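Reader: Can you walk me through this one? I'd like to start with the strands.

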Amino acid sequence: MKRSRLGLGLLAALLPASLPAAPVQDEVDPGTIDVRDAIECRLDAPSYTAFAMALNGEEKLAAKRGWKPVKSANFLLAEYDLPAPIVVAGGYSTRRIAFSASGVVAVLDLPDPAVVARQVQVENAMAAEGLPEGAVTFRKFLGERVIRDVTDPVDGDHYRARTVIARSVSNATTHPGKTLYGCSYRIEMLDKDGNPL
């Protein structure tokens, strides 16, 4: 499926700044991408971006796949109920997925994120050590493990990009008893000296 680079550029400019706005490769057909590959960090950033933009773009990929939008208690997530379960993280089944500004997660019926986090080698960056017993009513888990971190080489005075693809495991008060397991695809533009723009 050929896409107009101008059309994609305009759409990318309208998206939130935290959503990767990388150039999309012409040969990528978002319709062939399996959401499990996106969740399991098996895509490159341009392919993920094309897929995410096609969900509710002119391709209406989410509707074509029978994904039903779900009203989310978390305004940062766009959630969908899938027509059939998918299996991720080595054996967890779910019909609920959610997209953030930079990635996609499976919403697992797993009250303790540490269970799956140990399996995928993700540590909690929000550990509550040192707090008095009973001081924490909700134990936050937020962690990621970088799968790929690549910065374009310096090419004269041109801008360049840094791409970070990371496995993520978290929980949220808006989703009690659930674990959010997925992948983030972040592209950061750098100036010629390597400073973020």
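Author: A definition to begin with: two strands pair if DSSP finds at least two bridges between them. The model is predicted.

Reader: Which residue of strand 7 does Arg167 stand opposite?

Author: Arg167 stands opposite Cys183. Strand 6, residues 160-170, and strand 7, residues 179-190, pair in the antiparallel sense over 11 bridges.

Reader: What order do the strands take in the sheet?

Author: The order is 1-2-3-4-7-6-5, in an open sheet of 7 strands with antiparallel pairing. Strand 1 (68-70) and strand 5 (142-151) are the edge strands, each pairing on one side only. On average, neighbouring strands are turned by 30° against each other, direction ignored.

Reader: Switching to helices. Helix 3: how many of its residues are buried?

Author: 10 of the 12 residues in helix 3 (residues 45-56) are buried, so the helix counts as mostly covered; buried means under 20% relative accessible area. Among the buried ones are Tyr48, Phe51, Met53 and Leu55.

Reader: And the largest nonpolar core, which residues have the most contacts inside it?

Author: Val35, Ile39, Phe51, Trp67, Ile97, Phe99 and Tyr181, in a core of 37 residues. Helix 3 gives the most to this core, with 5 residues.

Reader: What is Val35 in contact with, leaving aside neighbours within four places in sequence?

Author: Val35 is then in contact with Phe51, Arg65, Trp67, Ile86, Ile97, Phe99 and Val104.

Reader: Which residues does the second core include?

Author: That separate core has 6 residues, including Leu77, Val105, Ala172 and Leu180.

How values were computed:
Residues numbered from 1 in each chain as written. Predicted model: local features only at pLDDT ≥ 70, side-chain atom pairs only at ≥ 80, totals over all residues. Heavy atoms only, no water. Helix = DSSP H or I, 4+ residues; strand = E, 2+ residues; numbered from the N terminus. Axes fitted to C-alpha atoms, helices over the stretch in contact; angles between N-to-C directions. Buried < 20%, exposed > 50% of the residue type's maximum accessible area, 1.4 Å probe, protein only. Core = buried A, V, L, I, M, F, W, Y, C linked by side-chain atoms within 4.5 Å. Contact = heavy atoms within 4.5 Å.
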